[in-house]
Amino acid sequence: NTSYSGSIVLLNETEDPAENMTGEIEEEDLAHQFFYTIGSGLNASTEYEDEDSSAEGNPIGLSFTLTTTAASSGDITFTLRHEPTKPNTGLEDAGGETDIEATFELSIQ
């Protein structure tokens, strides 16, 4: 029963020192959107906390809130789509191409 503020920082660690790519997503906000997929069994939800520069203010997803409820465990997947349809109702109808996808296991106690 807690809310957490989150932010995503993208680092290109193939370079030394690692290059921070987050600014590129911010600059190209109309062409990018992160999606958060909560795995079954995980009692949590997410909400976007940032907007692109369009008149509609569609989400980007570099900033978000994760809200937990009852104890549980499962995973959350972060997916960055390039050139998604905006607005959309989620990853399923966003279209575009996946730039990044990362899954993390969570345990809510």
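Strands β4, β7 and β8 form an open three-stranded sheet in the order β4-β7-β8, with antiparallel pairing; here strands are DSSP runs of E with at least two residues, helices are runs of H or I with at least four residues, and both are numbered from the N terminus. Two strands count as paired if DSSP finds at least two bridges between them. The model is a predicted one, in which local features need pLDDT of at least 70 and side-chain atom pairs count only at pLDDT 80 or more, while totals for chains, interfaces and linings use all residues. Residues are numbered from 1 along each chain as its sequence is written, and side-chain values use heavy atoms, with hydrogens and water left out.

In this sheet, β4 and β8 are the edge strands, each pairing on one side only. The twist from one strand to the next averages 15°, where axes are lines fitted to C-alpha atoms (for helices over the stretch in contact) and angles run from 0 to 180 degrees between N-to-C directions. Seven bridges connect β4 (residues 32-38) with β7 in the antiparallel sense. Within this pairing, Phe 34 has Leu 80 of β7 as its bridge partner, and Thr 37 stands opposite Thr 77. On the β8 side (residues 97-108), β7 is joined by 11 antiparallel bridges, with Thr 79 opposite Glu 101. Strand β7 (residues 72-82) is largely enclosed by the rest of the structure, because eight of its 11 residues are buried; buried means under 20% relative accessible area, exposed over 50% and partly exposed in between, with a 1.4 Å probe and protein chains only.

A further open sheet, also of three strands, has the order β1-β6-β5 and antiparallel pairing. Its edge strands, β1 (3-7) and β5 (44-48), each pair on one side only, and the twist averages 25° from one strand to the next. Strand β1 is joined to β6 (residues 63-68) by five antiparallel bridges, and Tyr 4 stands opposite Leu 66 of β6.

Beyond its neighbours within four places in sequence, Tyr 36 is in contact (heavy atoms within 4.5 Å) with residues including Ile 8, Tyr 48, Leu 62, Phe 64, Ile 76 and Phe 78.

Along its principal axes the C-alpha trace spans about 40 × 40 × 20 Å. Buried residues make up 39% of the 109 residues. Of the contacts with a separation of 6 or more, 62% involve residues 24 or more positions apart. The protein chain exposes about 6700 Å², of which carbon and sulfur atoms supply 45%; accessible areas come from the Shrake-Rupley method with a 1.4 Å probe, and for residues only the protein chains shown count as cover.
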